[in-house]
Amino acid sequence: MTGDRGAPMSYLTLEPGTPVFASDGGEVGRVAHVLADPEVDIFDGLVVDARGGGHRFVDAPLVDRIEAGGVTLTLDVAAVKGLPEPSENPAEMSADPDDTAEGDLTRKLRRAWDLISGNY
């Protein structure tokens, strides 16, 4: 799907400061960091320097498009405000041993925190 913000781009070329837009068109912040493992071509998500202050973690499945003029999310402005903040010790959620989603999110939030705090 092609958006109205220019040519599609790869997460590998995404620069800090790129605008991030909600699905309803509102700008919600700027890219602070890209979480990825380029050696195995895995995009984990973005750390967004959110409008109104603070950082928010956007998991990769919530990124709709990456284009020359910005990143568009699958979430509207209100939902973006509810995204988790990266932290050194993200809140642990109880999980079934077969459920790895919470473990993956916790790992990503820690990695995001490491990027923000310079501990990488």
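**Figure 1. Overview of the protein chain.** Of the 120 residues of the protein chain, 34% count as buried. The model shown is a predicted one. Two helices and six strands make up the secondary structure listed for the protein chain, and along the sequence these elements follow the pattern β-β-β-β-β-β-α-α. The accessible surface of the protein chain comes to about 6700 Å², and carbon and sulfur atoms account for 50% of that surface. Among contacts between residues at least 6 apart in sequence, 49% join residues at least 24 apart.

**Figure 2. The aromatic pair of Y11 and F43.** One aromatic pair is present in the structure. Its members are Y11 and F43, whose rings are stacked, with 5.1 Å from centre to centre and 25° between the planes. The pair links distant parts of the chain, as Y11 and F43 are 32 residues apart. Y11 belongs to the segment before β1 (19-21), whereas F43 lies in strand β3 (residues 42-50). Both Y11 and F43 are buried.

**Figure 3. R5 and the ring of F21.** This view shows a charged group placed over an aromatic ring. The charged end of R5 sits over the ring of F21, and the distance from the ring centre is 3.6 Å.

**Figure 4. Strand β3 and its pairing with β2.** Strand β3 is mostly covered, with seven of its nine residues buried. Strand β2 (residues 27-37) runs antiparallel to β3, and eight bridges join the two. One of the residues bridged in this region is D37, whose partner in β3 is I42. The hairpin of β2 and β3 has four residues between the strands.

**Figure 5. D41 in the loop between β2 and β3.** The loop between β2 and β3 contains D41. D41 has a positive phi of about 55°, although it is not a glycine. With a relative accessible area of 52%, D41 is exposed, because the cut-off for an exposed residue is over 50%.

**Figure 6. Strand β3 and its pairing with β4.** Strand β3 also pairs with strand β4 (residues 55-59), in the antiparallel sense and over five bridges. Within this pairing, V47 stands opposite F57 in β4. Four residues lie between the strands in the hairpin of β3 and β4. In that hairpin, G52 takes a positive phi near 90°.

Figure 7. R56 has its place in strand β4. The relative accessibility of R56 is 17%, so this residue counts as buried, the cut-off being under 20%. The side chain of R56 makes a polar contact with the side chain of E85, at 3.3 Å. Leaving aside residues up to four places away in sequence, R56 touches several others, among them L46, V47, V48 and A50. The residues that R56 touches also include V80, K81, L83, P84, E85 and P86.

Notes:
Residues are numbered from 1 along each chain as its sequence is written. This is a predicted model: local features need pLDDT of at least 70, side-chain atom pairs count only at pLDDT 80 or more; totals for chains, interfaces and linings use all residues. Side-chain values use heavy atoms; hydrogens and water are left out. Rings of Phe, Tyr and Trp (its six-membered ring) pair if their centres lie within 6.5 Å; planes under 30 degrees apart count as stacked, over 60 as edge-to-face and the rest as tilted. Buried means under 20% relative accessible area, exposed over 50%, partly exposed in between (1.4 Å probe, protein chains only). A charge sits over a ring if NZ of Lys or CZ of Arg is within 6 Å of the ring centre and within 35 degrees of the ring normal. Contact means heavy atoms within 4.5 Å. Accessible areas come from the Shrake-Rupley method with a 1.4 Å probe; for residues, only the protein chains shown count as cover. Two strands pair if DSSP finds at least two bridges between them. A polar contact is a pair of N or O atoms within 3.5 Å; within protein, one must be able to donate a hydrogen and the other to accept it, and residues adjacent in sequence count only if both atoms are side-chain atoms.
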